[in-house]
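Colleague: Before I use this model for anything further, I would like to go through its local geometry with you. Could you put it on the screen?

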Amino acid sequence: MRLEELGKAASFVVKGKSAVIVTDKNVEKLYLERCTETLEKEGFKINTFVVEPGEESKSGKTYLELLNFLAEIPLTRTDFLVALGGGVVGDLAGFAAATYLRGIDVIQVPTTLLAAVDSSIGGKTAINLEAGKNLAGAFHQPVLVWQDSSLLDSLSEEIFKDGMAEVIKYGVLQDQELFCALKDPEWTKENIDKVIEKCVSIKKSYVEEDEFDKGKRQLLNLGHTIGHAMEKATDYGVSHGSAVAKGMLSIARISRKQGWCDERTENEIKEILERYKFDVEITQAPEVLYDMMLSDKKRKGSDIDLVVPYEIGKCALKRISIEELKELL
């Protein structure tokens with residue numbers, strides 16, 4: 001798939017002739033013109049909404065600004081949004097599409113590895129609240145996810161590495177063969193299309209079985225419960241990928257101490273994260289992380305669900321009480 005072919009593909013899946021491309025200032029400089037041109041070539045009238053890069057743009061303020069922008073055009077129920085960017089843009093645009101006029105179409109065009117393998121797929125959309133991450137959201141499936149891996153060529157090493165945390169997560173979660181292949185960072189870069197295809201296939205299987213995240217799909221939260229707490233505790237100074245990496249190793253350590261997995265499994269997770277140069281040190285005090293986790297959306301009353309690794313390629317949901325969580329941390 002090439003970005004230049006997006007317009008033709010969109011013409012087959014949407015009914016309206018107006019669209020708003022939502023992107024951030026970094027992606028705007030790189031790909032907005034090409035994205036606009038391919039859509040205009042097919043007769044679409046294009047407006048753009050550009051946000052600041054970073055987690056701060058997944059806010060209620062930016063969300064309402066976007067809704068008002070759509071209403072002032074005005075965009076109609078047959079029109080659509082294009083989320084051109086990483087996870088922040090995808091979540092923001094997806095949530096706006098889910099709620100504007102009670103739902104309009106959205107096309108996801110991921111420009112980061114993290115968005116390509118994870119956040120652009122499955123229809124989870126959200127914004128952050130002061131109390132925590134992704135606490136206001138909706139399930140809203142995109143009508144199209146347009147994957148052009150050449151858009152990842154502009155990523156810095158740090159942003160690419162952020163996406164690798166999610167890629168490694170899929171290996172730990174379900175695919176031992178993928179996990180072993182990923183141990184070579186050079187192989188990963190040379191075979192990035194295969195890596196993306198494999199991760200998308202894994203996530204797709206979970207979403208098709210449990211679209212609304214009531215059961216099996218929750219396994220995709222491996223590393224995220226503790227990870228989200230770290231993001232919030234640092235006011236998003238720790239990136240999502242780094243937080244997920246730290247969260248995966250944290251839950252592996254807890255699992256080993258509880259006898260849920262052996263030392264080899266913990267060490268394998270630690271070693272692969274170190275190969276990709278993740279800083280796995282946790283500087284937040286346990287009581288700080290505990291306070292952050294109390295507002296996690298995976299909490300169910302006095303219980304919370306953790307995804308724990310038993311071995312590479314095999315994980316399970318384990319429901320524990322809030323008091324047990326405090327002791328484990």
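Predicted model: local features only at pLDDT ≥ 70, side-chain atom pairs only at ≥ 80, totals over all residues.

Colleague: Is Cys-35 buried or exposed?

Modeller: Buried is the word for residues under 20% relative accessible area. Cys-180, at 41% relative accessibility, counts as partly exposed. Cys-35 has a relative accessible area of 0%, and therefore it is buried.

Colleague: Turning to the open sheet, in what order do its five strands lie?

Modeller: The pairing in this open sheet is parallel. Its edge strands, each of which pairs on one side only, are strand 2 (45–51) and strand 7 (144–145). Read across the sheet, the order of the five strands is 2-1-3-4-7.

Colleague: Which residue of strand 2 stands opposite Thr-23?

Modeller: Strand 1 (residues 18–24) and strand 2 run parallel and are joined by seven bridges. Within this pairing, Val-20 stands opposite Asn-47. The residue that stands opposite Thr-23 is Val-50.

Colleague: At about what angle does helix 4 run to strand 3?

Modeller: Helix 4 (residues 87–99) lies across strand 1, strand 2, strand 3 (80–85) and strand 4 (105–110). The angle is taken between N-to-C directions and can go from 0 to 180 degrees. For helix 4 and strand 3 it is about 170°.

Colleague: What is the phi of Asp-235, near which value?

Modeller: Arg-102, in the loop between helix 4 and strand 4, has a positive phi near 65° and counts as exposed at 79% relative accessibility. Asp-235 is placed in the loop between helix 10 (224–233) and helix 11, and at 60% relative accessibility it too counts as exposed. Its phi, likewise positive in a residue other than glycine, is near 55°.

Colleague: What relative accessible area does Glu-231 have?

Modeller: Glu-231 is found in helix 10. Leaving aside neighbours within four places in sequence, Glu-231 is in contact with several residues, among them Glu-55, Lys-133, Tyr-236 and His-240. Glu-231 is buried, and its relative accessible area is 1%.

Colleague: How many of the residues of helix 11 are buried?

Modeller: Helix 11 (residues 240–258) reaches 26 Å from its first C-alpha to its last, close to the 27 Å expected at 1.5 Å a residue. Just after helix 11, Gly-259 takes a positive phi of about 85°. Helix 11 is mostly covered, and of its 19 residues the number buried is 15.

Colleague: How far apart are the end C-alpha atoms of helix 6?

Modeller: Helix 6 is mostly covered, with 14 of its 17 residues buried. At 1.5 Å a residue, helix 6 (residues 157–173) should span 24 Å, and the model agrees, because its end C-alpha atoms are apart by 24 Å.

Colleague: Finally, which residue in the turn between strand 9 and strand 10 has a positive phi?

Modeller: Strand 9 (residues 303–311) and strand 10 (residues 314–321) run antiparallel and are joined by eight bridges, with Val-307 opposite Leu-317. The two strands form a hairpin with two residues between them, and the turn residue with a positive phi, about 95°, is Gly-313.

Definitions and conventions: Residues numbered from 1 in each chain as written. Heavy atoms only, no water. Helix = DSSP H or I, 4+ residues; strand = E, 2+ residues; numbered from the N terminus. Expected span 1.5 Å × (residues − 1). Buried < 20%, exposed > 50% of the residue type's maximum accessible area, 1.4 Å probe, protein only. Pairing = 2+ DSSP bridges. Contact = heavy atoms within 4.5 Å.
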